[in-house]
Amino acid sequence: MWLFKKNGPSGFSSSSTAEQVTSGIDASSLTAIVTGASSGIGAETARVLAVRGVNVVMGVRNMDSGKKVREEIVKQAPSAKVDAMELDLSSLASVRKFASAFNSSGRRLNLLINNAGVMATPFTLSKDKIELQFATNHLGHFLLTNLLLENMKKTAVESKKEGRIVVVASEAHRATYPNGIRFDKINDKSGYSSYLAYGQSKLANILHAKELSRRLKEEGANVTANSLHPGVIATNLFRHMTLISGVIEAVGKLAFKNVEQGAATTCYVALHPQVKGISGEYFSDSNLSKPTSFGQDAALGKKLWDFSMELVK
């Protein structure tokens with residue numbers, strides 16, 4: 001339980017909130033995209049970044065929900081700079097449309113928060129005929145990042161400020177298929193497990209950040225890429241897990257983080273000076289952590305990168 005955790009080397013713990021880990025930080029010169037910002041920790045991440053002065057663009061599937069979140073943020077912080085743009089990570093066409101619109105707007109991009117996700121869905125194929133959890137949690141963000149990367153690298157040069165890509169993964173990456181990623185069976189319904197498929201997509205998040213970091217370092221770009229576990233938070237992410245929904249409701253307040261705590265590690269990795277220059281790492285509770293051996297497998301990360309590139313062609 002997060003209730004009994006002590007502060008780590010960063011000075012923060014699982015009970016720290018997003019406002020606490022960004023206290024005193026002035027980020028008014030930065031622009032960020034936050035995916036999945038219409039609810040849960042995505043909405044709280046957008047709110048706290050906006051409170052710290054960041055110009056926030058919320059990438060949301062449901063524009064009505066996105067506009068409501070925007071109104072709430074502006075009501076609390078009248079000077080907040082927040083916009084909502086339509087983005088469905090399960091659709092590669094939607095990702096391309098969003099990235100094109102953002103890049104064409106002439107906006108700079110300092111921070112990319114890949115937060116949106118689905119969890120433990122029944123076997124479903126996306127609009128592009130790719131298993132839904134892999135498509136939404138990994139592939140959509142993989143393409144989005146690639147399409148925005150030149151903007152981020154250019155912004156880092158012009159602003160002389162480090163760009164940061166933050167990928168919201170999960171400790172669920174520890175429960176995946178025997179080979180880590182089912183490259184030859186991504187769309188195979190036989191042997192599909194909603195929980196292991198979720199773990200697979202979260203492992204893909206970690207591998208993506210690590211391989212992207214390697215490539216950015218190789219070319220000398222002033223952009224970092226890290227992944228993180230936000231903690232277990234009772235949000236609508238659990239909506240497909242009907243068997244344990246009652247348990248979640250009963251123990252959630254005691255055993256799980258609240259949304260303010262759940263957004264903390266994302267905001268810490270995105271804004272805190274302690275994270276400057278750190279790339280290719282995995283964070284938990286606003287401290288450095290270690291993923292599984294799969295999550296540290298450079299060859300697996302390279303294979304996933306090549307596999308993903310083929311899928312988004």
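His 229 is found in strand β6 (residues 223-229) of this predicted model, where helices (H or I, at least four residues) and strands (E, at least two) are DSSP runs numbered from the N terminus. At 9% relative accessibility, His 229 counts as buried; buried means under 20% relative accessible area, exposed over 50%, and partly exposed in between, with a 1.4 Å probe and protein chains only. Leaving aside neighbours within four places in sequence, His 229 is in contact (heavy atoms within 4.5 Å) with Ala 169, Ser 170, Glu 171, Thr 265, Tyr 282, Phe 283, Ser 284 and Asp 285. Asp 128 is another matter: 101 residues separate Asp 128 from His 229 in sequence, and the C-alpha to C-alpha distance is 28 Å.

A note on the numbers: residues are counted from 1 along each chain as its sequence is written, and side-chain values use heavy atoms, with hydrogens and water left out. Because this is a predicted model, local features need pLDDT of at least 70 and side-chain atom pairs count only at pLDDT 80 or more, while totals for chains, interfaces and linings use all residues.

Tyr 282 turns up again in the lining of the largest cavity, along with Ile 206, Ala 209, Lys 210, Ser 227, Gly 280, Glu 281 and Pro 291. On a 1 Å grid over the protein atoms alone, a cavity is a set of points where a 1.4 Å probe fits but cannot get out; a pocket is an open set with protein on both sides within 12 Å along at least five of seven lines, and lining residues have an atom within 4 Å of a point. By class, the lining holds four nonpolar, two polar and two charged residues, where Ala, Val, Leu, Ile, Met, Phe, Trp, Tyr, Cys and Pro count as nonpolar, Asp, Glu, Lys and Arg as charged, and the others, Gly among them, as polar.

The second largest pocket takes up about 370 Å³. Its lining has 15 residues, with Leu 30, Lys 161, Glu 162, Arg 164 and Leu 271 nearest the centre. Seven of the lining residues are nonpolar, two polar and six charged.

Strand β1 (residues 31-35) is mostly covered, with five of its five residues buried. Thr 31, Ile 33 and Thr 35 point one way, and Ala 32 and Val 34 the other. Strands pair if DSSP finds at least two bridges between them; β1 and β2 (residues 55-60) do so in the parallel sense over five bridges, with Asn 55 in β2 as the bridge partner of Thr 31. On β4 (residues 111-114), which also runs parallel to β1, the count is three bridges, and Leu 112 there stands opposite Ile 33.

Thr 266 sits in helix α9 (residues 264-271) and, at 0% relative accessibility, counts as buried. Not counting residues up to four places away in sequence, Thr 266 touches Thr 45, Ile 113, Val 166, Val 168 and Leu 228.

Key. Points joined across faces, edges and corners; volume = space filled by probe spheres on them.
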